[in-house]
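Opening the notebook on a new model. I want the overall layout, then a couple of loop positions.

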Amino acid sequence: MSEYQNQVQELEAKSATAARLFDIRRIIGGLFVLYGIIVTIAGITASDADLKKAQDININLWTGLGMLALGVFFLVWLKLRPTAPPTPPAGDHPVD
């Protein structure tokens, strides 16, 4: 292989790695899990006065659990269907 072809293949591998690293599902899932943990902890530690304001519904707990479930859904989706690397067009590589 020529040096040019080696460089092209190396750049393609880096591009595929970057595409998997910055997949939007990873970012959304991670943020929802992080905020879900924070809101769930706020719901677990809610005082009686906080519950009385919300008509005895622990809204922080339920919202936090929902956020956790959504975040886990996105991360499982990412694991089950990873991003496919981009396929180069047929005419890009020179023939030896």
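What share of the contacts in the protein with a separation of 6 or more comes from residues 24 or more positions apart? I get 77%, taking contact as heavy atoms within 4.5 Å.

Ground rules next. This is a predicted model, where local features need pLDDT of at least 70, side-chain atom pairs count only at pLDDT 80 or more, and totals for chains, interfaces and linings use all residues. Residues are numbered from 1 along each chain as its sequence is written, and side-chain values use heavy atoms, with hydrogens and water left out.

Layout: I find four helices and zero strands, running α-α-α-α from the N terminus. Helices are DSSP runs of H or I with at least four residues, strands are E runs of at least two, and numbering starts at the N terminus.

Burial: 17% of the 96 residues are buried (under 20% relative accessible area; exposed is over 50%, partly exposed in between; 1.4 Å probe, protein chains only).

Asp23: I looked in the loop between helix H1 (3-21) and H2. Asp23 has a relative accessible area of 10%, so I log it as buried. Leaving out residues up to four places away in sequence, Asp23 touches Leu78 and Thr83.

Ala46: this one sits in the loop between helix H2 (24-44) and helix H3 (48-53). Ala46 is partly exposed because its relative accessibility is 22%. Beyond neighbours within four places in sequence, Ala46 contacts Leu51 and Asn58.
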